[in-house]
Amino acid sequence: MAMELECIAFGCGPGSFTGVRLAAAATQALALAADARVLGLKNSRLLAASVPAAELAGRAVLSCIRSRGESYYLGVWQDDQVLREDALCDAAPDWLQSLTPADVLLAGVRPPWLPEALVQDVAAPLILPTAMLEVALGDYRAGLHNDAEMALPVYLHGDSPWRPSHA
């Protein structure tokens, strides 16, 4: 019995340049071959969705995804809503000072420059497949899927290691 593939979800970034590109390319290839739709899901959203609801107690999730060196992608999510868009940071941004452990849980990898007083525990160190499936199903049912050629990576300003050369 043949099964039809309707949609492919993938982590579109932010994250590892190579990993995000590979995910987008593989998703495009598979979706084109299967005539399937695609769902690009933000990695920070998936990381936040990986935190068990019992641990949240009304708090938001500070997602921290390592980029390179001392740079990390930071975003804040609560109840599947973005409170602070992803940003590439190599030091604690000013807005972090307004948060307390009563406000936020950390998900991901703690940046070495993140103030200890802000967040004591890592609630979700990585993206759980069950969280990705739940987010993808919700978005699919809401009609947020796209054609295969729209399986594109998400890049943030200042994200590229490439620098213009000066002649």
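Here is a walk through this predicted model, from a helix to the cores and a hairpin. Residues are numbered from 1 along each chain as written, and side-chain values use heavy atoms, without hydrogens or water. Local features need pLDDT of at least 70 and side-chain atom pairs count only at pLDDT 80 or more, while totals for chains, interfaces and linings use all residues.

Let's start with Ala29, which sits in helix H1 (residues 17-34); helices (H or I, at least four residues) and strands (E, at least two) are DSSP runs, numbered from the N terminus. Ala29 counts as partly exposed because its relative accessibility is 47%, where buried is under 20%, exposed is over 50% and partly exposed is in between (1.4 Å probe, protein chains only). Its C-alpha atom is 8.0 Å from that of Ala148, 119 residues apart along the chain.

Now for the inside. A nonpolar core is a set of buried Ala, Val, Leu, Ile, Met, Phe, Trp, Tyr and Cys residues joined through side-chain atoms within 4.5 Å. The largest one has 15 residues, and Leu62, Leu74, Leu96 and Leu118 have the most contacts inside it. Strands E3 (60-66), E4 (72-78) and E6 (104-108) each give two or more residues to this core. A second, separate core has 13 residues, among them Val51, Tyr73, Leu105 and Ala107.

On to the strands. E4 pairs with E5 (residues 81-89) in the antiparallel sense over 6 bridges; pairing takes at least two DSSP bridges between two strands. Trp77 stands opposite Val82 in E5. E4 and E5 form a hairpin with 2 residues between them, and Asp79 in the turn has a positive phi of about 50°.
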